[in-house]
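Visitor: I've got a model open and I'd like to learn how to read it. Could you walk me through it?

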Amino acid sequence: MATSATSDQVLAPAKAANPTLFADYATLFKLRVSTMVIITAGAGFYLGSLRSGISPFHAGLVQALIGIAVVTCGSSALNQALERKTDLLMRRTADRPMAAGRIGFAHGLILGFAATFLGSLYLAYITNLLTGTLTLLTAISYVAIYTPLKRVTTVNTFIGAFPGALPPLIGWTAARGMIEWPGVALFAILFVWQFPHFMAIGWMYREDYARAGIRLTPTLANTRYAARSTVIQSLFYAILMIPVSLWPVSLGITGYVYGVAATLLGLGYLWYTIRFWRIVHEPDATASRQYARDLLRISVIYLPLLLASMMLDAKGRLLF
Ligand code: HEM
Ligand SMILES: CC(C)=CCC/C(C)=C/CC/C(C)=C/COP(=O)(O)OP(=O)(O)O
């Protein structure tokens, strides 16, 4: 079981720093994760536009992505407002602006609420009601369901995978105005992709997470059991990733060239997940952290490459 946090365990941040307000906002808005969220939403919009036989490159794309970006940043700020105390207990997050007290609670909360609600309203107005509602529900499930559950049950990551997977479907509905199977296929791809991604992260930072009382599979008390469970779940989803990533081919939105690329990329992702198996035999070695780090790196390379190949081989006319 994960150990619970106590106030005397507050950590010194990993790096002593004196960031500017600009740098603090970048951390508050989780710039790297949010950028990837916007890329996935952009892919959904692009494919949806081609399905409609219109060029994806028009003002609507930029407007939709701005709206989605604003809500994503807002929900990241709200997530950090809620987690400012547990963030202070983890080396990875102790220097976050709200945890470290450089951005006040009210400041983060007002910014987060304003961005989340105004961004969703803007999306409803500029795209369609479905997209605005879906985006708001994504933010609510991330902030109000997944975030509190992190300290309650290891199921939190399964639940968090829903808001994580919705952005490409949101991109699709922004272009098409309705939920359709290709949009659902994009959701499924993102959903499955996340498991090896966060299992690797959970393993890398398991001491941090356990110290803060955050319940991820890798933080379970029996290290060998935790390692085995982490790897089995990661392998299950990495294997599933290959057929799920081929779904767009059978739906006719991409061609066979994408099918070949998706299979090769999927095998690469699976290879790094199989390599991650070694944590079962050497759970305490520094090497085990490296296998996890490599899997995390591959996960964030695999996803944009998969989406790029899907977009390059998408069926439909590209009118600039
Ligand atoms: C339940 C689902 C997820 C969890 C628990 C999770 C957790 C995390 C955590 C804790 C990190 C920080 C790792 C570090 O600082 O070393 C991270 C990094 C990252 N995540 Fe996720 N994530 C999830 C889903 C997603 C989704 C849906 C996306 C985007 C589509 C995403 C994109 C990224 C990116 C781009 C990074 C940066 C990696 C790097 O710094 O090299 N994640 N994730
Ligand atoms: C369109 C829209 C509103 C999208 C928002 C969805 C979103 C930001 C999903 C991110 C995926 C996710 C559950 C990350 C969890 O990291 P964490 O928050 O547990 O990571 P941490 O430990 O670094 O805080």
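Guide: Let's start with ligand 1: domain 1 (18-179) and domain 2 (182-320) both give residues to its shell, so ligand 1 lies between them. The domain bounds come from an automatic or database domain assignment. Before we go on, this is a predicted model, where local features need pLDDT of at least 70, side-chain atom pairs count only at pLDDT 80 or more, and totals for chains, interfaces and linings use all residues. Residues are numbered from 1 along each chain as its sequence is written, while chains are lettered from A and ligands numbered from 1 in the order in which they are written.

Visitor: Which residues come nearest to ligand 1?

Guide: A residue is near a molecule if its C-beta atom, placed from the backbone, lies within 6 Å of it. Here 16 residues are around ligand 1, and Arg32, Met36, Gly160, Gly164 and Phe198 come nearest. Helices α2, α7 and α8 each supply at least two residues of that shell; helices here are DSSP runs (H or I, at least four residues), numbered from the N terminus. By class, the shell around ligand 1 has 8 nonpolar, 6 polar and 2 charged residues. For the classes, Ala, Val, Leu, Ile, Met, Phe, Trp, Tyr, Cys and Pro count as nonpolar, Asp, Glu, Lys and Arg as charged, and the others, Gly among them, as polar.

Visitor: And what surrounds ligand 2?

Guide: Ligand 2 has 19 residues around it, with Thr138, Ala139, Gly160, Pro163 and Gly164 the closest. You'll find at least two residues each from α2, α3 (59-82), α6 (129-149) and α7 in this shell. The biggest giver is α3, with 6 residues. Sorted by class, the shell of ligand 2 holds 10 nonpolar, 8 polar and 1 charged residues.

Visitor: Back to the two domains. How far apart are their C-alpha centres?

Guide: The centres of domain 1 and domain 2 lie 21 Å apart. Their contact takes 34 residues from domain 1 and 33 residues from domain 2, where two residues are in contact if their C-beta atoms, placed from the backbone, lie within 7 Å. On the domain 1 side, α2 (31-51) and α7 (156-176) each supply at least two residues. That side divides into 17 nonpolar, 12 polar and 5 charged residues.

Visitor: Now helix packing. How do I describe a pair?

Guide: Two packed helices are described by the angle between their axes and the distance between the axes. The axes are lines fitted to C-alpha atoms over the stretch in contact, and angles run from 0 to 180 degrees between N-to-C directions. Take α8 (residues 181-204) and α10 (residues 223-250): they pack at about 155 degrees, with axes 9 Å apart. They are therefore roughly antiparallel to each other; angles under 35 degrees count as roughly parallel, over 145 as roughly antiparallel, 65 to 115 as roughly perpendicular and the rest as oblique.

Visitor: Is the crossing of α8 and α10 left-handed or right-handed?

Guide: α8 passes α10 in a left-handed crossing. Left-handed means that the near helix is turned anticlockwise from the far one by less than a right angle, and right-handed means clockwise. The contact includes Trp193 and Phe195 of α8 and Tyr237 and Met241 of α10. It has 17 nonpolar, 5 polar and no charged residues.

Visitor: What about α3 with α5?

Guide: The axes of α3 and α5 (residues 105-126) come within 7 Å and cross at roughly 155 degrees. This crossing is left-handed, and the contact has 16 nonpolar, 10 polar and no charged residues.

Visitor: How do α2 and α3 cross?

Guide: α2 passes α3 in a right-handed crossing, at roughly 145 degrees and with axes that come within 10 Å. Among the residues that meet are Ile38 and Phe45 in α2 and Leu65 and Cys73 in α3.
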